[in-house]
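Welcome! Take a moment to look at the chain below, and then we will walk through it together, one topic at a time.

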Amino acid sequence: MDWLSVDQVAEALGLHVRTVRGYIRDGRLRAQRIGKQYRISRADLDAFTGVAAQPGSTVDVTTIMQVEDIDRANADRVTTAVIAVAGQGLRVQTVFDEKRGRLRVMAFGDPGACAELLRIVEAVVRG
């Protein structure tokens, strides 16, 4: 059986290692603990990414991001970046609660486009 490390899975999916570990902790990605490290089988990774889906079937993702302690100017920057990505297989919506300093970004659509959106939002927020 082909086993992958968390680092290898993160690189293959274009995600941060902590995100992959979170998927494992949440039970969304099956993994085996071997010694002190997790290993993910190729079959489990394929099931997670939808590779085993029937030809012609579609895979959509719903993602909700919440950014805390953000002011209006930075919320506008994030919203502008999100809207710029929206035409690439995504439907997006943002809601800014100025009183709480909270921005919610909701995205629906292609998994790869959602992953890219997550990276963009993180880059803009961490600036």
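A residue counts as exposed when its relative accessible area is over 50%, as buried when that area is under 20%, and as partly exposed in between. With a relative accessible area of 74%, D69 is therefore exposed. Keep in mind that this is a predicted model.

**The chain as a whole**

- The chain contains five helices and six strands.
- Take the contacts between residues at least 6 apart in sequence: 58% of them join residues at least 24 apart.

**Helix 1 and helix 2**

- Two packed helices are described by the angle between their axes and the distance between the axes.
- Helix 1 covers residues 6-13 and helix 2 covers residues 17-26; they pack at an angle of about 110°, with their axes 8 Å apart.
- Angles of 65 to 115 degrees count as roughly perpendicular, so helix 1 is roughly perpendicular to helix 2.
- Which residues bring the two helices together? On the helix 1 side they are V6, D7, V9 and A10, and they meet V17, V20, R21 and I24 in helix 2.
- Sorted by class, this contact of helix 1 with helix 2 has six nonpolar residues, no polar ones and two charged ones.

**Helix 4 and helix 5**

- The axes of helix 4 (residues 72-85) and helix 5 (residues 111-126) come within 10 Å and cross at roughly 155°.
- An angle over 145 degrees counts as roughly antiparallel, so helix 4 is roughly antiparallel to helix 5.
- The crossing of helix 4 past helix 5 is right-handed.
- From helix 4, the residues R77, V78, A81, V82 and V85 meet L117, I120, V121, V124 and V125 of helix 5.
- By class, the contact of helix 4 with helix 5 has nine nonpolar residues, no polar ones and one charged one.

**The nonpolar cores**

- In soluble globular proteins, nonpolar side chains tend to be buried together.
- How many residues does the largest nonpolar core have? It has 18 residues, and those with the most contacts inside it are I70, V78, L90, L103, V105, L117 and V121.
- Strand 4 (61-67), helix 4, strand 5 (90-97), strand 6 (102-109) and helix 5 each supply at least two residues of this core.
- Apart from this core lies another one, of 11 residues, which includes V6, V17, I24 and L45.
- L90 touches V85, A107, F108, G109, D110, A113, C114 and L117, leaving out residues up to four places away in sequence.

- M106 sits in strand 6.
- Is M106 buried or exposed? Its relative accessible area is 15%, so M106 is buried.
- Not counting residues up to four places away in sequence, M106 touches T63, I64, R91, V92, Q93 and V95.
- M106 and Q66 are 40 residues apart in sequence, and their C-alpha atoms are 8.8 Å apart in space.
- S5 belongs to strand 1 (residues 3-5).
- S5 is buried because its relative accessible area is 15%.
- Leaving out residues up to four places away in sequence, S5 touches Y38, R39 and I40.

**A partly exposed residue: F48**

- F48 is found in helix 3, which covers residues 42-49.
- The relative accessibility of F48 is 29%, so F48 counts as partly exposed.
- Beyond its neighbours within four places in sequence, F48 is in contact with L13, Y23, R28 and L29.
- One of these, Y23, is 25 residues from F48 in sequence, with a C-alpha to C-alpha distance of 9.9 Å.

**Back to D69**

- Where does D69 lie? D69 is in the loop between strand 4 and helix 4.
- Most residues other than glycine have a negative phi.
- D69 has a positive phi of about 55° although it is not a glycine.

Terms used:
Residues numbered from 1 in each chain as written. Predicted model: local features only at pLDDT ≥ 70, side-chain atom pairs only at ≥ 80, totals over all residues. Heavy atoms only, no water. Axes fitted to C-alpha atoms, helices over the stretch in contact; angles between N-to-C directions. Helix = DSSP H or I, 4+ residues; strand = E, 2+ residues; numbered from the N terminus. Parallel < 35°, antiparallel > 145°, perpendicular 65-115°, else oblique. Left-handed = near helix turned anticlockwise from the far one by under 90°. Contact = heavy atoms within 4.5 Å. Nonpolar A, V, L, I, M, F, W, Y, C, P; charged D, E, K, R; others polar. Core = buried A, V, L, I, M, F, W, Y, C linked by side-chain atoms within 4.5 Å. Buried < 20%, exposed > 50% of the residue type's maximum accessible area, 1.4 Å probe, protein only.
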